[in-house]
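Trainee: I keep meeting labels in structure descriptions and would like to know what stands behind them. Could we go through some together?

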Amino acid sequence: MVVSSSSSSSSSTTKLLLTDMVLGVDHVPSNYIRPPSDRPNLKDVQLSSHAVPIPLIDLKGLHGPGRHDVVKQIGQACQNDGFFQIKNHGVSDTTISNILRLARDFFKLPESERLKSYSDNPSKTVRLSTSFNVKTEKVANWRDFLRLHCYPLEDYVHEWPSNPPSFRQDVAEYCTSVRELVLRLLEAISESLCLEKNYINGVLSKHGQHMAMNYYPPCPQPELTYGLPGHTDPNLITVLLQDDVPGLQVLRNGKWVAVNPIPNTFIINIGDQMQVISNDRYKSVLHRAVVNCNQDRISIPTFYCPSPNAVIGPAPELVNDDHPAVYKNFTYEDYYKQFWNRGLATECCLDTFKASPI
């Protein structure tokens with residue numbers, strides 16, 4: 001919870017969401033300020049134009065004679081970068097523009113309407129909140145977010161906001177299209193590891209799919225804080241849609257690189273569970289969100305996950321004398337609890353699930 005003093009009033013008003021707190025604020029409140037050693041150092045960030053860009057892969061050939069080449073490109077990107085962009089992905093431009101418009105419209109709703117979805121309980125399957133974990137974190141992040149569970153759709157859609165009026169219909173269409181895309185990608189990633197194409201699909205048990213609508217308001221002092229600090233994703237694979245405002249940065253060869261948005265593409269990043277299944281062949285990479293003082297920013301990540309009871313471990317076909325199992329088997333529920341309790345400050349909790357040396 002944060003407290004804001006309006007410039008037009010001497011009284012303090014308690015605000016639950018950053019969006020409402022920052023109105024009229026000309027400096028970053030102290031609870032958002034990172035210690036000097038943990039600030040973005042924006043002047044040291046490499047621009048995409050000055051760095052080798054993350055791969056842009058055309059999925060058009062995935063269902064034709066060019067499939068082998070596309071699978072090879074995906075495998076190389078997973079191994080060398082942990083991030084890649086995709087075009088000709090099968091999600092329509094209309095679906096993409098609708099979901100971006102809808103996210104912006106939601107965060108422009110009156111405060112009282114938005115707060116109908118507010119909760120600081122991370123177990124809720126639909127919740128509007130702020131920062132990351134307001135109950136445990138010491139420094140807040142410059143972000144509000146709406147988090148939705150969205151698979152199976154029929155289990156969750158009735159819980160979603162009903163305002164804006166097209167919210168449930170448009171989000172359901174988007175979630176369905178993205179899930180179809182993810183399933184195609186999982187087949188290709190399995191093949192790139194020389195596994196049977198349904199291997200990863202089968203490991204996930206009943207599957208889980210969550211999404212977030214992230215809203216990053218303009219920040220008067222962006223060099224002092226983060227939208228989200230450096231972290232890896234605890235899930236299997238993330239499909240990120242962003243608007244036209246830069247903010248995503250990826251750690252490559254020890255340097256932060258800005259990833260500029262390309263219209264109607266998605267950014268795919270490998271999550272911790274994929275690193276485990278691949279027995280460290282594919283890497284879950286540190287990334288972060290920075291903010292700016294001029295424009296607000298929307299990003300919409302879809303997190304594809306194992307179901308909580310799914311047992312995750314290195315694929316047996318990828319374990320041998322030369323490549324012993326790097327990780328022990330665990331349930332996704334156990335992993336996610338550890339991730340959530342540790343928070344983003346410790347960056348990655350994969351190390352705690354490593355196999356004991358023989």
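Trainee: Why is R34 called buried?

Mentor: Look at the cut-offs: buried means under 20% relative accessible area, exposed means over 50%, and partly exposed is in between, with a 1.4 Å probe and protein chains only. R34 has a relative accessible area of 9%, so R34 is buried. Do keep in mind that this is a predicted model, where local features need pLDDT of at least 70, side-chain atom pairs count only at pLDDT 80 or more, and totals for chains, interfaces and linings use all residues. Residues are numbered from 1 along each chain as its sequence is written, and side-chain values use heavy atoms, with hydrogens and water left out.

Trainee: How many salt bridges does the whole structure have?

Mentor: A search finds 12. One of them joins the side chains of E111 and K15, at 3.1 Å from N to O. E111 sits in helix α4 (residues 111-114) and K15 in strand β2 (residues 12-15), so this pair ties together parts that are 96 residues apart in sequence. Helices (H or I, at least four residues) and strands (E, at least two) are DSSP runs, numbered from the N terminus.

Trainee: Are E111 and K15 buried or partly exposed?

Mentor: One of each! E111 is at 25%, so it counts as partly exposed, while K15, at 18%, counts as buried.

Trainee: What does the salt bridge between R104 and D243 tie together?

Mentor: Their side chains meet at 2.9 Å, N to O. R104 belongs to helix α3 (residues 93-107) and D243 to the loop between β9 (237-242) and β10 (248-252), so the pair links parts that are 139 residues apart in sequence. With 22% relative accessible area, R104 is partly exposed; D243, with 10%, is buried. D296 is in contact with both R104 and D243, among other residues, where contact means heavy atoms within 4.5 Å. D296 lies in the loop between β13 (287-289) and β14 (297-305), and its 19% relative accessibility makes it count as buried.

Trainee: Why is α3 called oblique to α6?

Mentor: α3 and helix α6 (residues 167-192) pack at an angle of about 135°, with axes 10 Å apart. Angles under 35 degrees count as roughly parallel, over 145 as roughly antiparallel, 65 to 115 as roughly perpendicular and the rest as oblique. The angle belongs to the rest, so α3 is oblique to α6. Among the residues that meet there are R101 and L102 in α3, and D170 and Y174 in α6. R101, D105 and D170 are also linked in a network of salt bridges.

Trainee: How do you know which parts of the model to trust?

Mentor: Check pLDDT, the predictor's confidence in each residue, from 0 to 100. The protein chain averages 92, and 93% of the residues score at least 70. Over residues 1-12, though, the pLDDT is below 50. Where pLDDT is low, the predicted coordinates should not be read in detail.

Notes
Salt bridge = Lys/Arg side-chain N within 4 Å of Asp/Glu carboxyl O. Axes fitted to C-alpha atoms, helices over the stretch in contact; angles between N-to-C directions. Lists of a residue's contacts leave out its neighbours within four places in sequence.
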